[in-house]
Amino acid sequence: MTNNATSIVGTSPPIREALEKATGRARFVDDLPADYHVKVLGSPHPHALITRIDINQAAQLEGVSAILTHEDVGSNLLQFGCHRPTPTMDKQLRYVGDYVAAVAATSEAIAEQALNLIEVEYEMLPAVFDPEEALQDGAPLLYPEGNAYANATGTTLENRKERSVQAWGDIDKGFADADVIVEDSYDIKPQMHAALETHVCMAQWHEREVTIWNSTQVPWELRLLVSDYFKIAESSVVVLSPNVGGGFGGKYTGRYQFIVCLLAKKLKGKRVKMNFTREESLLHVRRPRGKIYTRIGARKDGTITALHLKGYFDIGAYGNFRGGSNSFHLEGGILSYKTDNAWFEAHDVHTNHSRADCMRAVQVPFLSFAIESTVEQLAEKLEMDPVAFRILNMPESGDMMPPTEYTENDDFFPTARFDLYPGRELMEKVLDKIGWKEKWNGFSQPSSVNGPIRRGIGMAYAMGYAGFYSDGSTKAEVVMNVDGSVTVYSGAQEIGQGINTGICMLAAESLGLPLKDVYLVTGDTRSGQYDVINARSSHQLATGGHILLMAIEKVKKQLREMAAPWLGIEPDSVVIRNKTVFVKDQPETAMEIRDLIGSLGSPISASASGPPGSLYPEVKPGYKAKQPMVMAAEVDVDMETGVVTPVRVVTGMFPGRMINKKVVRGQALGGAVQTLGMALWEHFQFDREQSRYLSKDFTDYRLPRARDIPEIETVLLEQVDEESLPHEGLPYGGRGVGEMTAWGAIAIANAVENAIGVRIRTSPLTAEIVLNAIEEESTK
Amino acid sequence: MKPETRTRKLHLNVNGKTLSVSVGTNETLLEVLREHLGLTGAKTGCNQGECGACTVLIDGTPVLSCLRLAVESENCKITTIEGLADEETGQPDPVQQGFIDHAGIQCGFCTPGMVLSAKALLDQNPDPDEDEIKESIQSNICRCTGYTQIVESIQAAGKTIREEKRD
């Protein structure tokens, strides 16, 4: 399927929705009118039991139409993908903001008034907020069976594991063989997704079916879960998600969609909407806090002999897209370096915080923080250049990874050969661009000093999946209309990342059509497509694109077979381009598709469905499509105030082939700025004394703004292996690009170390934290 | 029990048209635009003046419509994103075209406010430097693009406007 000569792939037409978004015509869920509005009474306590709840007064308020409490919901459990089975609403409240009651009323104002009229009595329970403390004997229990929930293979409590492990080689021997060992610990704080559009859901029940409008990354998962919950056919659940105002991992299926559906069911025929306030949306979900312990050993020559990593991850009361963070860590983190002996141990732990989900990869952003900080210290101890040390230990194209057999493998990842992996080339290009050689003076040696301002340079490297991660099933259908134009039905989900544009460009390229002749139906489960992973894991382009091209190949095959007798040639010699079929090398012997399909009297269509990637027959088994990311940054540190100012950033990744260059660059730049936010400004804070979240708005949770942004350049390395085609399934060689550049926060911390000689082992590096660290260091 | 509301009839000049609308005295301009007038281009990103998604122009100046009462908005010209393109031809404003052509749009939720802030700048100064552009959108948060391509979009729009003026 790869082909170097492309006319549409590799160009940069505007995204498909550009005009309607620029003119304000694009409709988001909150732009749609509703009959009733929902507000939720949130728990004021982090851990409590409802001992009495009285809704009578609230129910009598004019305009109030329906109220829901745990007493109505019973013990209904939500069976999320890999989550612990979760109560929809519970008598036991597990975080500040947990759902006590939900009111539907004719206006939000009335619903809010009604909340004030609900009488609740609570029995306070002891709470726990630290994932390590939550595992200790005698810790407050959020669930009777314990606070750990690691489960990679199913969703039942019986399958629950205390931890998950991925290991290969002999870790003890690896450390015995090491000449130098560095041990360290990190506490990486949560980052909030903070999509500009808050969470929002609207539902309307008809006789037997329900229509749900939701700002979601995963419409097909929502359809499946709602059908399962209400015991109705999947086909009776319609999920509409026309425009999504950002996701970043924050818009998966939560409990709120079910609360809206339950209220709507009581108000049959009416549209019932729940639109989160900014505070509700910020506190709804975030990336987990990660407490990570690293231990890495190496020989004198720099070869890593053992890599040991143990992490405790705060998944909140109802959190994590997937219990058992292990596989995500492993695939996106540990395999960054090639070592014969490794042990990775993950503990996903419930605490009395709201739910945690992945954000631009499950745990890679803080995993890379821990590894890339430890690796620097190892290089320093070995008196090696940090770049040379990384290059020596990183995998290369064709390497078997992991290099030795798994000894423990809780997530059943196959040992497999890496396909193209130009990590070294990418690193060299990024470092060249920032001028590393001229600016790097060694560890703790600033590149310049100007009064109290010290300038430092730092870097980060990590590895990620290219889209075939776990081979999620997807489906697409292609209809060639009688006039030769094409209607594509795709299961892929647009959330602002540009996948709709990518899908249309791939279809146009493959069929030799101008972009205007491709129409796309998406964000609507009535299209009958599917995608189980959907807009997660940077996977839409590779997986959705692969399946799309398979469907197109089937359409082309039909066309060729129809055209061959008319043209008097074999089907293989028929060329399809620009709504005509013609004889190869004889474009004058042609026939318009309109006439060809017209003779049939109906359009031609085909669909493709299934798990692409390593499970798919035409993709060589045993190969993994992986890609490196590298970020380098220069920062100024003010020794008197602790303020860290990014001066220049170069972010690099490996998109394989860019389908739309501006879209890829946009993903790279956006991810880089999010990682600057994680590194420097976005500070999640909880006041334990008062049981209140302080970071509940954009004043106290500071997102990057235009003037915060330094000069950011990108290195977007294109390379397609036409010869070996290990992943011919990658559409035109294109790889997922949604997450990688968001993993570079540690480049900032490494640059700070370079500037001031102090290593910060937490995030964000606020002025306060940096200044304290400077003062601590000076009193040593 | 019945919640209390007071209403008032207003005449608002929106996108060059005078519209009569009965509003609650406590309703914001954003609520009135979105819920009474069906102009949903202005977005509710925070409803507390921190994100800029609700930005509209009042007499050419960017205003956070979530912080302004509708009853304070008579006797002025309100421009929303819906009023920017040419009414007859549908031709987008050069600022909108800049965002379309230079990938200044990803999810699109900040776009209306972002475009209007940029419009106000370029109407005053069609040749701003990068710092002036960043200053003009400092009140508008974008979580997707990282701002660089937005700045480039505004630079391109300024160029178009300057060329149009020359012709």
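**Exercise 1. Determine what share of the contacts in chain B between residues at least 6 apart in sequence join residues at least 24 apart, and describe the chain's build.**

Solution. In this predicted model, the share is 58%. Next, consider the secondary structure: chain B contains five helices and five strands, and their order along the sequence is β-β-α-β-β-β-α-α-α-α. Then turn to the dimensions. Along the principal axes, the C-alpha atoms of chain B occupy a box of roughly 60 × 35 × 25 Å. A compact globule of 167 residues would have a radius of gyration near 15 Å, and the 16 Å of chain B therefore agrees with that expectation. Finally, 55% of the 167 residues in chain B are buried.

**Exercise 2. Identify which strands stand at the edges of the seven-stranded open sheet of chain A.**

Solution. First, write the strand order, E21-E9-E18-E17-E16-E10-E39, in which the pairing is mixed. Strands E21 (406-409) and E39 (762-763) each have a single partner strand, so one side of each is left without a neighbour in the sheet. Within the sheet, E17 (residues 304-314) and E18 (residues 342-349) of chain A pair in the parallel sense over eight bridges. Lys310(A) has Glu345(A), in E18(A), as its bridge partner.

Note on methods. Residues numbered from 1 in each chain as written. Chains lettered and ligands numbered in written order. Predicted model: local features only at pLDDT ≥ 70, side-chain atom pairs only at ≥ 80, totals over all residues. Pairing = 2+ DSSP bridges. Helix = DSSP H or I, 4+ residues; strand = E, 2+ residues; numbered from the N terminus. Rg over C-alpha atoms; globule rule 2.2 N^0.38 Å. Buried ≥ 20, exposed ≤ 12 C-beta atoms within 10 Å, placed from the backbone. Contact = placed C-beta atoms within 7 Å.
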